[in-house]
Amino acid sequence: MIEIIIIVLLIFMLIGSIICLETKDLLSSIISITSVGYFGSVIFLLIGAPDIAITQMVVEVLSLIILIRATIRMDLTTIEEDRDFFGLIGTLALIFVFFILGMEAIRYLPKFGTPSFTLNLQAPSNRYLMNGLKETGAVNIVTSIILDYRGYDTLGEATILFTSILGALAILRVYARKRKEK
Amino acid sequence: MNNNEKGMSIIVKTVTRWIKGFIFLFGLSIVLFGHLTPGGGFPGGVIFAATFILITLAFGKEYVLKKIGKTLASELDSLGALLFLIIATLGIYFSGIFFSNFIEKTHPTGNFKLFSSGIIPLCNISIGMKVGSCLFMIFIIVSVVRVIFEDGKGKLITTEKKDKK
């Protein structure tokens with residue numbers, strides 16, 4: 001039953017992304033690309049990942065606001081030309097290659113609903129699930145992984161966010177200073 | 001034109017006044033109970049940012065930028081990142097391993113207690129602080145910064161005000 005709902009939601013996601021690419025209006029493009037994220041968050045909720053679902057939903061809301069705020073007063077530029085023929089051929093060839101490789105990869109995946117770490121007893125996920133509560137004391141196993149076992153990765157993610165904000169501020173600040181000197 | 005007429009209509013302002021505290025408390029609970037329930041530092045921090053963005057949209061940017069300037073947001077951002085790094089480095093001091101959980105892990109009366117699992121709640125708080133101020137700054141940069149000027153002391157004024165002067 002859950003599989004059918006997920007497939008329907010995936011079809012909605014595909015429709016949303018196609019509308020986002022093909023529409024001429026910038027606002028409806030933003031709203032349809034955000035709907036893709038909302039359907040994704042519902043899928044995460046259905047397959048039993050509430051942590052990711054909360055994060056996805058909240059970030060989608062925020063990015064929708066920021067995108068609308070950033071683009072609503074922009075001059076809308078629409079591209080009237082036809083698509084480049086060789087570019088179209090190249091894109092189709094690339095999509096075909098990825099489709100073939102993806103079908104090859106899907107053959108090696110375990111059946112839907114069976115976790116992949118049950119196939120391999122040496123996988124670290126087994127240790128996280130067995131000893132996670134004893135070793136870290138956190139009841140939420142996701143938090144115990146991202147902040148204790150894999151804390152170094154979280155530090156890297158925080159550093160990326162910090163550096164990107166620093167770069168954006170530095171670039172835009174030069175512009176503000178230049179305007180001040182006039 | 002006084003300050004009350006900036007921003008959105010009076011309905012939006014009244015509703016915002018009622019619910020902004022509840023949204024902030026929801027974010028706080030998601031951050032503080034990140035090691036017990038789904039959630040954690042990142043979604044909680046995004047909800048913090050969403051609170052301030054809601055106030056900015058409802059009351060106008062001058063209302064928020066007077067109280068919380070770019071400087072305070074960047075200070076909170078740096079403070080959160082620094083706190084996270086300090087917690088991680090203290091692990092070396094106490095037990096010789098980077099990011100080791102050096103505080104008492106289990107609560108004496110059992111699981112599902114707020115004060116448990118060592119450094120994880122502290123890390124959640126620092127990440128929440130960092131992400132919240134970071135995303136609020138993204139919003140400021142994207143929507144407001146084209147008209148921002150600094151008057152030398154870090155206070156922010158806009159072109160609209162400058163033209164009136």
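Visitor: In what order do the elements of chain B run from the N terminus on?
Guide: In this predicted model, the elements of chain B run α-α-α-α-α-β-β-α from the N terminus on, which gives six helices and two strands; helices (H or I, at least four residues) and strands (E, at least two) are DSSP runs, numbered from the N terminus.

Visitor: And how are residues and chains labelled, and what gets counted?
Guide: Residues are numbered from 1 along each chain as its sequence is written, while chains are lettered from A and ligands numbered from 1 in the order in which they are written. Local features need pLDDT of at least 70, side-chain atom pairs count only at pLDDT 80 or more, and totals for chains, interfaces and linings use all residues, with side-chain values using heavy atoms and leaving out hydrogens and water.

Visitor: How many residues from each chain does the contact take?
Guide: Chain A gives 39 residues and chain B gives 50 residues, where contact means heavy atoms within 4.5 Å.

Visitor: Which helix of chain A supplies the largest share of that side?
Guide: Helix 7 of chain A does, with 16 residues of the side that touches chain B.

Visitor: How many salt bridges are found across the interface?
Guide: The rule finds zero between chain A and chain B, a salt bridge being a side-chain nitrogen of Lys or Arg within 4 Å of a carboxyl oxygen of Asp or Glu.

Visitor: Switching topic, why does S29(A) count as buried?
Guide: S29(A) counts as buried because its relative accessibility is 13%, and buried means under 20% relative accessible area (1.4 Å probe, protein chains only). S29(A) lies in helix 2 (residues 26-46) of chain A.

Technical notes: Buried < 20%, exposed > 50% of the residue type's maximum accessible area, 1.4 Å probe, protein only.
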